[in-house]
Amino acid sequence: MNLYNITSDIKHLMGHLESFTEQQDDEMEKAIKEHIGLLNDDLETKVENIVKMIRERYAMFDVRMAEADRLKDLAKLDEKAALRLQEWLHLCLKNLGQQRVETSIANVRVSKVGGRPRMEYDLKKIPEQFYVTQTERVLDKDMIRRSIDEGVDVPGVVVKERGTYLSIK
């Protein structure tokens, strides 16, 4: 029996128990309570097995994340090594005055960087005319929360109900 069926059966039987009156058969009530007890045992076993599966999945997650981190670190090392080799090749070709080298697997060229030239700023020396005063409109979420806590209705704000979470320890 699956978890859904167990919970459905328990709810169904609990509904029957609540509908009994004192005149109805005590034997029937006892049988239903006994069946609910068995279903609760099944439920406990099912939940225990699901918790085992959850823990196993999290353990696999941890192992795979550790392996991913290890591979990511190796990839970063490879990238740094490739960049160092590229910089070294660039420096060597610049020092030789070589603008281009053609090989059987690649054509290498030393080129100027395109686009607008990079600028460095000494803020102490730049005249005031090059500065712009900016004002920024920012939503004060703390003020909204305080107002709602005080009972004020703030248009455009909807207070959502907190969700639930499953805790497994």
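User: Which residues make the nonpolar surface patch of about 500 Å²?

Analyst: This is a predicted model, and the answer should be read with that in mind. The nonpolar surface patch of about 500 Å² is made by Met119, Tyr121, Leu123 and Tyr131.

User: Is leucine 123 buried or exposed, and what is its relative accessible area?

Analyst: A residue counts as exposed when its relative accessible area is over 50%. Leucine 123 is exposed because its relative accessible area is 58%.

User: Which elements give two or more residues to the largest nonpolar core?

Analyst: The largest nonpolar core has 6 residues in all, namely Ile6, Ile10, Leu13, Ile32, Ile36 and Leu39. The elements that each contribute two or more residues to this core are helix 1 (3–19) and helix 2 (26–96).

User: Which residues gather in the patch of positive charge on the surface?

Analyst: One of its members, lysine 76, has its place in helix 2. Lysine 76 counts as partly exposed, because its relative accessibility is 45%. The residues that gather in this patch of positive charge are Lys72, Lys76, Lys80 and Arg84.

User: Where do glutamate 67 and arginine 70 lie, and what is the N to O distance of their salt bridge?

Analyst: Both glutamate 67 and arginine 70 lie in helix 2, where they are 3 residues apart, about one turn of the helix. Glutamate 67 is partly exposed, with a relative accessible area of 34%, and arginine 70 also counts as partly exposed, at 44% relative accessibility. Their side chains meet in a salt bridge with an N to O distance of 2.7 Å.

User: What is the N to O distance in the salt bridge of arginine 118 and glutamate 120?

Analyst: Arginine 118 is exposed, with a relative accessible area of 74%, and glutamate 120 counts as exposed at 67% relative accessibility. The side chains of arginine 118 and glutamate 120 meet in a salt bridge, for which the N to O distance is 3.5 Å.

User: How many salt bridges does a search of the whole structure find?

Analyst: Another salt bridge is formed where the side chains of aspartate 122 and lysine 125 meet, at 3.7 Å from N to O. Of these two residues, aspartate 122 is partly exposed, with a relative accessible area of 37%, whereas lysine 125 is exposed, with a relative accessible area of 68%. Across the whole structure, the number of salt bridges found is 3.

Definitions and conventions:
Residues are numbered from 1 along each chain as its sequence is written. This is a predicted model: local features need pLDDT of at least 70, side-chain atom pairs count only at pLDDT 80 or more; totals for chains, interfaces and linings use all residues. Side-chain values use heavy atoms; hydrogens and water are left out. Patches are made of residues with over 30% relative accessible area and no salt bridge: like charges are joined within 9 Å, nonpolar side chains (Val, Leu, Ile, Met, Phe, Trp, Tyr) within 5 Å. Accessible areas come from the Shrake-Rupley method with a 1.4 Å probe; for residues, only the protein chains shown count as cover. A salt bridge is a side-chain nitrogen of Lys or Arg within 4 Å of a carboxyl oxygen of Asp or Glu. Buried means under 20% relative accessible area, exposed over 50%, partly exposed in between (1.4 Å probe, protein chains only). A nonpolar core is a set of buried Ala, Val, Leu, Ile, Met, Phe, Trp, Tyr and Cys residues joined through side-chain atoms within 4.5 Å. Helices (H or I, at least four residues) and strands (E, at least two) are DSSP runs, numbered from the N terminus. Lys and Arg count as positive and Asp and Glu as negative; His and the chain ends are not counted. The place of a charge is taken as NZ of Lys, CZ of Arg, CG of Asp or CD of Glu.
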